[in-house]
Amino acid sequence: MPSLADIALHIQGTLIGNGSLEISGLKLPSEAGASDLCLVMDGKRAKQVLDCHAGALVCSRGFVDQRPRIEVADPRAALPSLCALFDS
């Protein structure tokens, strides 16, 4: 399993929090667990993500959450790289 720090390097994002957290996959907010990563694509879905159980997030810069996260300029643009990472 890749660490959150490895994923941040892969998608060229800024790591905030525990980079040693091992991530098992990219999941929807309704399916995410403690070892999963959840993508915050836009403000419409932010409430779902805030209420989910994901261990870490990929989000736009300035998104406020206490969980470890990777901040990127455009979360939607990071999706293909994330999918490739977890499909391999």
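Accessible areas were computed by the Shrake-Rupley method with a 1.4 Å probe, and for residues only the protein chains shown count as cover. On this basis the protein chain exposes about 4,900 Å², of which carbon and sulfur atoms supply 53%. The structure is a predicted model, in which local features need pLDDT of at least 70, side-chain atom pairs count only at pLDDT 80 or more, and totals for chains, interfaces and linings use all residues. Residues are numbered from 1 along each chain as its sequence is written, and side-chain values use heavy atoms, with hydrogens and water left out.

Turning to the fold, the protein chain has 3 helices and 5 strands, taken as DSSP runs numbered from the N terminus (helices H or I, at least four residues; strands E, at least two). Read from the N terminus, the order of elements is α-β-β-β-α-β-β-α. The radius of gyration of the protein chain, 11 Å, is close to the 12 Å that the globule rule gives for 88 residues, so the chain is as compact as a globular protein of that length; the radius is taken over C-alpha atoms, and the rule is 2.2 Å times the number of residues to the power 0.38. Along the principal axes, the C-alpha trace spans about 30 × 25 × 25 Å.

Of the 88 residues, 40% count as buried (under 20% relative accessible area, with exposed over 50% and partly exposed in between; 1.4 Å probe, protein chains only). Alanine 56 lies in strand β4 (residues 56-60) and is buried, with a relative accessible area of 0%. The contacts of alanine 56 (heavy atoms within 4.5 Å) include Leu4, Asp36, Leu37 and Pro68, leaving aside residues up to four places away in sequence. Glycine 19, in the loop between β1 (14-16) and β2 (25-26), also counts as buried, at 15% relative accessibility. With the sequence exclusion of up to four places, glycine 19 touches Ser3, Leu4 and Ala5.

A pocket is an open set of points on a 1 Å grid over the protein atoms alone, where a 1.4 Å probe fits, with protein on both sides within 12 Å along at least five of seven lines; lining residues have an atom within 4 Å of a point. Among the lining residues are Leu26, Pro29, Cys38, Arg45 and Leu79, and β3 (36-39) and α2 (46-50) each supply at least two residues of the lining.
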